[in-house]
Amino acid sequence: MHAPPDWQAAFDGALRGGPLPPGVTASDPAEAERRFAVYRNTVAVSLAEALAARFPVIRRLVGDEFFRAMAGVYAVADRPTSPVLAEWGRGFPAFLAAFPPLAGYPFMADVARIELARGAAFHAADADPVDPSVFAGADPARLVLRLHPSVTVLRLDCAAVTIWAQNQPGAAAAEVPATPEIALILRTPDFEVPVAAISPGDAALIEGLQAGLPLAKAAARTPPGHDPQPILLRLMRAGAIVRTQAP
């Protein structure tokens, strides 16, 4: 049986620190409060751990103690709506952008966008890559290339790809560019989810293909002199071109 919505709201309010919901009692009222506090703490810790698992670079950047405290604030503002905690956290990048203690670190939101997109890419639907022979003799004006559902282009406000990469295990230090980066995220056939910085021309081509444009029209959206072959080769090698269609 499902609990009434008003009781669910009362229970959720108690988890946030409010009074105990109706029906939660003990012979000693103080004992009921103590027992519920254990449950309240367990939920808070579980939510913090779930958020840390989805945003490990953010945790690394701010430190464990700060992250736990911040996760507690976020969990109050944005409660999970699904029992699948892997689906929780879509609002975390926006939360970071508006979180006063991180006002001096505007890149945090973009790093979180990368981590959120990686999770979505990992769980994207399966699709079989096409054979490279589809390009043989194909007319670019008619050739429509379909990309894997995991393929994501993120136009970032800072050099978050470099920052994300520097915070991977074993990564070497590198200079962080002063200009924004564009991230390409996808899932390979062996379930790796790499993140790469790509050029505006590459991003425009991919976005054109995702919009369903034929290859020639997608390439026409790129800056003059842009060579589409390297990014198409990268997508093909990653198994990210999954279906072709000639209109």
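The predicted model contains an open sheet of 3 strands in the order β2-β3-β4, paired in the antiparallel manner. Here, two strands pair if DSSP finds at least two bridges between them, while helices (H or I, at least four residues) and strands (E, at least two) are DSSP runs numbered from the N terminus. Strands β2 (152–155) and β4 (195–198) stand at the edges with a single partner strand each, so one side of each has no neighbour in the sheet. From one strand to the next, the twist averages 30°; axes are lines fitted to C-alpha atoms, for helices over the stretch in contact, and angles run from 0 to 180 degrees between N-to-C directions. As this is a predicted model, local features need pLDDT of at least 70 and side-chain atom pairs count only at pLDDT 80 or more, whereas totals for chains, interfaces and linings use all residues. Residues are numbered from 1 along each chain as its sequence is written, and side-chain values use heavy atoms, with hydrogens and water left out.

Strand β3 (residues 182–185) joins β4 in the antiparallel sense over 4 bridges, and I182 has I198 in β4 as its bridge partner. Helix α6 (residues 107–122) packs on the sheet and touches β2, β3 and β4, its direction making about 170° with that of β2; contact means heavy atoms within 4.5 Å. Helix α10 (residues 229–237) also packs on the sheet, touching β3 and β4, and its direction makes about 170° with that of β4.

Next comes the interior. A nonpolar core is a set of buried Ala, Val, Leu, Ile, Met, Phe, Trp, Tyr and Cys residues joined through side-chain atoms within 4.5 Å, where buried means under 20% relative accessible area (1.4 Å probe, protein chains only). The largest core has 37 residues, of which I58, F67, M70, F92, L96 and I114 touch the most other members. Helix α6 gives the most to this core, with 7 residues. Leaving aside neighbours within four places in sequence, M70 is in contact with I58, V62, F92, F95, L96, F99 and L102. A second, separate core of 23 residues includes L147, V153, L215 and L232.

On a 1 Å grid over the protein atoms alone, a pocket is an open set of points where a 1.4 Å probe fits, with protein on both sides within 12 Å along at least five of seven lines, and lining residues have an atom within 4 Å of a point. The lining comprises 14 residues, and A53, R54, E115, R118 and G119 lie nearest the centre of the pocket.

Terms used:
Buried < 20%, exposed > 50% of the residue type's maximum accessible area, 1.4 Å probe, protein only.
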